[in-house]
Amino acid sequence: MDPPIQMEAPICLIENTANGKFVVNSEAIRFLSGINQPVVVVAIVGMYRTGKSYLMNKLAGAQKGFNLGATIRAETKGIWMWCVPHPLKKNHTLVLLDTEGLGDVEKGDGKNDIWIFTLALLLSSAMVYNSKGTIDQDALDKLKFVGELTEIIKVKSKDNEDEEEKFSRHFPIFIWAVRDFHLSLEIEGGQVSADGYLENALKLKKPEMLPRNMEYNKPRICLQMYFGNRKCFVFDFPTTNNEFLQRLEEVPDDKLNKKFVDQCKEFCDYIWKNADTKSVNDTVKVTGHRLGELAKIYTEAVSSSKFACMEDAALSLAEMENKASVQEATQHYEDKMKTVGLPTETLDDFMTLSSQYEDEARKIFLEKSFNDNDQQFLREYLDVGTQNIQKQSN
Ligand SMILES: Nc1nc2c(ncn2[C@@H]2O[C@H](COP(=O)(O)OP(=O)(O)O)[C@@H](O)[C@H]2O)c(=O)[nH]1
Ligand SMILES: [Mg+2]
C-alpha cells in the first residue's frame, strides 16, 4: 500500500505566463510522478472573485490552502493543484485544481478563458462551474465559449462528424455552484430543486433553429449535449458581516450563516461521493503519475494551438508507460541472470533458470503495461528477452 499523500500547500501545476503561454511546472510533475494511487480530480472554473478558492479549501477539508484574493486582481494565474488523501475513498488521492478567474480584463487574448476551461475539463473527473447571483442570461453568456470546444477538443484522432455527441461519454460530471443566491427556488409559483432550477435555465427557446433563437440556445444546447451528468448547488450569502466577508478563510463556521455552512457541507459530500476516479478511454484508471503526463500532453497541445485529442493522449500515455514496463521487465531479467553462476553445470540448468526469470519478467511487464492492444510492446519485450537468452547462453 502506498503511503498517504503529504502536500502542505497547493502548488502551481500549469502556469499561465505573462506572454499568454501555458507551461507545466516541473516541480508539480515531479510530485505527481510519486503518486501511484488512482486519483479523483476536481477542478473549479468561473469568473474571478466568486469564492472558488474558498470552496476548494472546503473540499480539501481545510480552512486555508488555496489563496483567497483579498483584492480585485485575479490571484491565481494558471491552474493550481492540491493533493490530499481522499476523505472517503481508501487509497485514492483527491486532486483539487483551482483555476484563475475567467474574464480577466488583463488577459487581452480572447482564447485565455477557453484554454483554462479546456485544460480543467480534460484533466478532471468532476468540474465545478462557479458563478454569483442567479443562472440568468448573463451567466450563460459568460459560458458562450463552450460552443468553441469542438475547435479545440477531439475524441478520436480521425475526423468524425459526430465528434461532439461523444463528448459527454468522456467529459467530467458538471456541477454548477451558484453563490450568493438571493432568490427562492421557485418556478411559476412552484418549489423546485436546485437541479430543476438549472434545467429550467437551460431550456431552449422554440422553435430552436429560428435564427433569433439560435444565439440564445447555443450555449444551452452545448451544455446539455456535452455534460450528460449535471448537478446544481445554490449557496446563501455566507454572512452579512462585511468585514468577515473580506477574510472568510479566517472566520470559523459557527460565526457564518448556518444555511451557507450546511450548503457547503452538502456540496462537499456530493463531490466526495460522486466524483469518480479519473480515467482515460473509459477504462484506464489515472494515477498521479499518469495525471502529470496528461497535464504535459494537453498543455503542449493547447499551447501550440493543436487539437487536444483524447485518443492520442491515451495512446501517448500507453506508449510512455509500456516503454518503461519493457525496460523494467528486461532489467529484472538481467539482474536475476547476473546472480546465476556461469557456466551452469548443464545447458538444461541454464534454460530452467532463464525461463523462470523470463516468466517473472513477463509478469512484471503485463502488470504494468496497458492498452497494448496490438501487442506491439509485448513483442518488443519478447524480442529483447530472446536476445538476452542468446547473449547469456553464448
Ligand atoms: N459574497 C461572497 N464572498 C465570498 C464567498 N466565498 C468567498 N468569498 C470572499 O470573496 C473573496 C474572494 O474569494 P476567493 O475564494 O478568493 O474567490 P476566487 O477568486 O473565485 O477564487 C474573498 O474575500 C472571500 O472571503 C461567497 O460565497 N460569497
Ligand atoms: Mg482563487
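Q: Which residues make up domain 1 and domain 2 of the chain?
A: Keep in mind that this is a predicted model. The chain is divided into two domains here, and their C-alpha centres lie 44 Å apart. Domain 1 covers 11–306, and domain 2 covers 316–393.

Q: How many residues of domain 1 and of domain 2 are in contact?
A: Start with the area: the two domains bury about 600 Å² between them. Of that, 65% is on carbon and sulfur atoms. As for the residues in contact, domain 1 gives eight and domain 2 gives seven.

Q: Which residue forms a salt bridge with E321?
A: Across the interface of domain 1 and domain 2, the rule finds one salt bridge. In the pair that E321 forms, the closest N and O atoms are 2.9 Å apart, which is inside the 4 Å cut-off and therefore counts as a salt bridge. The partner of E321 is R290.

Q: Which helix gives the largest share of the side of domain 1 that touches domain 2?
A: By class, that side of domain 1 has four nonpolar, two polar and two charged residues. Five residues come from one helix, spanning residues 288–303, and that is the largest share. The helix is helix 10.

Q: How many residues apart are F171 and Y226?
A: F171 is in the loop between helix 5 (163–170) and strand 8 (173–179). Y226 is in helix 7, residues 211–226. The pair links distant parts of the chain, 55 residues apart.

Q: Which residues is H170 in contact with, leaving aside its neighbours within four places in sequence?
A: H170 lies in helix 5. L122 is 48 residues away from H170 in sequence, and the two are 8.7 Å apart in space, C-alpha to C-alpha. With the sequence neighbours set aside, the contacts of H170 are V155, D282 and M310.

Q: Is the peptide bond from K206 to P207 cis or trans?
A: P207 lies in the loop between helix 6 (194–201) and helix 7. Omega for the bond from K206 to P207 is near -10°. That peptide bond is cis.

Q: What is the phi of R49?
A: Look in the loop between strand 3 (39–46) and helix 2 (52–59), where R49 is found. R49 is not a glycine, although its phi is positive. The value is about 60°.

Q: Why does the pair of E215 and K144 tie together separate parts of the sequence, and how many residues apart are they?
A: The structure holds 19 salt bridges, and one of them joins E215 to K144, with the closest N and O atoms 3.1 Å apart. E215 lies in helix 7, while K144 lies in the loop between helix 4 (137–141) and strand 7 (153–154), so the pair ties together parts whose separation in sequence is 71 residues.

Technical notes: Residues numbered from 1 in each chain as written. Chains lettered and ligands numbered in written order. Predicted model: local features only at pLDDT ≥ 70, side-chain atom pairs only at ≥ 80, totals over all residues. Heavy atoms only, no water. Domains from an automatic or database assignment. Contact = heavy atoms within 4.5 Å. Buried area = accessible area lost by both parts, 1.4 Å probe. Salt bridge = Lys/Arg side-chain N within 4 Å of Asp/Glu carboxyl O. Helix = DSSP H or I, 4+ residues; strand = E, 2+ residues; numbered from the N terminus. Nonpolar A, V, L, I, M, F, W, Y, C, P; charged D, E, K, R; others polar.
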